[in-house]
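Colleague: Can you walk me through this one? Start wherever you like.

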Amino acid sequence: MIRLALLGATGSIGENTLDVVARHPERFRVVALTGHRQVEKLAEQCQQFKPRYAVVADETAAQALRQRLQAAAVDTEVLFGEQALCDVAAGSEVDAVMAAIVGAAGLLPTLAAAKAGKTIYLANKETLVVAGALFMETARRHGAKVLPVDSEHNAIFQVLPENFDGDLARAGVSSLVLTASGGPFLHTDLADFAAITPAQAVQHPNWSMGQKISVDSATMMNKGLELIEAHWLFNAAPAQLEVVIHPQSIVHSMVRYADGSVLAQMGLPDMRTPIAYCLGLPERLDAGVDKLDFARVGALTFNRPDFVRFPCLQLAYEAMQAGKAAPCVLNAANEVAVAAFLAKRIGFTAIAALVEHCLDNYGHQQADSVEALLHLDEQVRAAAQVWVRNHYRVLNQ
Ligand code: NDP
Ligand code: MG
């Protein structure tokens with residue numbers, strides 16, 4: 001029986017995780033569920049899974065959740081705030097933590113789970129982008145097992161040798177090939193990019209996901225973040241990482257071996273597959289995923305990425321190569337840019353412009369501790385907000 005804390009239960013990964021958990025009640029006990037603002041949804045999840053703890057954003061949300069749970073006679077203790085997230089992730093009643101909060105907000109709770117030596121199912125890629133070196137080192141030092149939920153990294157994890165010890169060359173691996181769908185604007189006329197709306201950007205052709213990662217997929221910043229994620233997870237040098245466009249999202253990623261073999265993991269684009277892989281390891285669990293019908297898919301195609309169309313991918317690549325705190329800057333600027341785009345304060349093409357502006361100004365900085373990284377994250381967000389305000393004023397004069 002795995003005692004599970006699910007951080008980000010009310011999100012897309014959270015709901016998919018609970019779907020898998022509900023199929024195997026004999027294997028999992030849900031100890032904690034956390035949301036942020038969606039109190040109603042969290043209340044329903046608490047009614048179904050009866051966790052010992054639930055965590056929300058603040059006192060107001062906590063009161064609202066307590067009222068709902070009381071009315072439904074659910075005996076869950078309601079906590080709130082970042083420290084409570086860290087406490088449930090590190091608590092002695094928990095064996096494993098699904099880290100599925102979106103953005104850098106997931107960093108401290110995920111780090112707390114690592115310090116407590118938990119098994120971590122890692123969906124929150126921003127943890128690795130912001131603090132990859134520190135997080136991996138913390139996990140290693142405290143014996144925390146990190147299992148990748150992100151579909152590409154999960155695919156790579158599945159086709160690497162079982163005894164992979166962090167040395168790709170020794171494992172006979174020449175490179176890791178991340179596949180990317182290319183998102184909804186793979187063939188859109190470049191002249192129309194400036195007019196792309198949030199509603200269009202969140203319509204991913206293959207995957208159903210939260211808003212932030214959907215916009216990241218549309219700019220291909222998501223693949224950039226994933227390059228950095230792979231760099232830390234698999235100890236891969238930038239030269240050992242490739243990106244290939246694969247619009248069908250059937251091959252979830254590949255490992256190229258020295259003898260010319262390329263091993264791929266395939267399946268329908270359904271996050272329950274990588275989630276179930278992590279939750280079930282070493283066994284394979286029924287995830288409720290449809291059978292992949294090859295005849296219906298027909299063709300699998302592959303293309304090189306276009307860096308002119310997707311400047312965010314180029315920026316992420318450069319941030320990975322620059323190292324130091326550049327990926328932290330990239331992430332903070334991108335989070336502000338995506339939120340501003342979703343709020344219709346900046347246009348689609350301004351996302352890359354804002355990220356580039358922040359990298360130019362802050363990308364060279366060094367930050368080795370969590371405190372220094374969080375301080376830099378805050379500085380970059382403040383600078384990015386100023387940029388957004390100026391940009392908005394100019395556009396609306
Ligand atoms: P969603 O936006 O759907 O869900 C985000 C979750 O985080 C919600 O539970 C939300 O609570 C909670 N949350 C938001 N802000 C905060 C905060 N400041 N503090 C604490 N909790 C917060 O995101 P996804 O599920 O799509 O993505 C989650 C993570 O998984 C991301 O890092 C993403 O990159 C990664 N991922 C997602 C994939 C997918 O298919 N969706 C695929 C691969 C990776 P509430 O809604 O209650 O406000
Ligand atoms: Mg992915």
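Modeller: This is a predicted model. I would start with the shell around ligand 1, which divides into 11 nonpolar, 9 polar and 4 charged residues.

Colleague: How many residues surround ligand 1, and which are the closest?

Modeller: There are 24 residues around ligand 1, and the closest are Thr 10, His 36, Arg 37, Gln 38 and Glu 126.

Colleague: Which domains does the shell around ligand 1 draw on?

Modeller: Domain 1 (2-148) and domain 2 (151-268 + 291-310) each give at least three residues to the shell.

Colleague: And which helices supply residues of that shell?

Modeller: Helix 1 (12-22) and helix 6 (125-141), with at least two residues each.

Colleague: What about the backbone? How far is Gly 11 from an oxygen atom of ligand 1?

Modeller: A polar backbone atom of Gly 11 is 3.1 Å from an oxygen atom of ligand 1. For Gly 8, a backbone N or O atom lies 3.4 Å from an oxygen atom of the ligand. For Val 102, a backbone N or O atom lies 3.5 Å from a ligand oxygen atom.

Colleague: How much of ligand 1 does the protein cover?

Modeller: On its own, ligand 1 has 900 Å² of accessible area, and the protein covers 87% of that.

Colleague: New topic. In which sense do strand 10 and strand 11 pair, parallel or antiparallel?

Modeller: Antiparallel: strand 10 (residues 251-257) and strand 11 (residues 262-266) pair over 5 bridges. Arg 256 stands opposite Val 262 in strand 11.

Colleague: What is between the two strands?

Modeller: Strands 10 and 11 form a hairpin, with 4 residues between them. Gly 260 is in the turn and has a positive phi of about 100 degrees.

Key:
Residues are numbered from 1 along each chain as its sequence is written. Chains are lettered from A and ligands numbered from 1 in the order in which they are written. This is a predicted model: local features need pLDDT of at least 70, side-chain atom pairs count only at pLDDT 80 or more; totals for chains, interfaces and linings use all residues. Side-chain values use heavy atoms; hydrogens and water are left out. A residue is near a molecule or strand if one of its heavy atoms lies within 4 Å of it. A polar contact is a pair of N or O atoms within 3.5 Å; within protein, one must be able to donate a hydrogen and the other to accept it, and residues adjacent in sequence count only if both atoms are side-chain atoms. Accessible areas come from the Shrake-Rupley method with a 1.4 Å probe; for residues, only the protein chains shown count as cover. Ala, Val, Leu, Ile, Met, Phe, Trp, Tyr, Cys and Pro count as nonpolar, Asp, Glu, Lys and Arg as charged, and the others, Gly among them, as polar. Domain bounds come from an automatic or database domain assignment. Two strands pair if DSSP finds at least two bridges between them.
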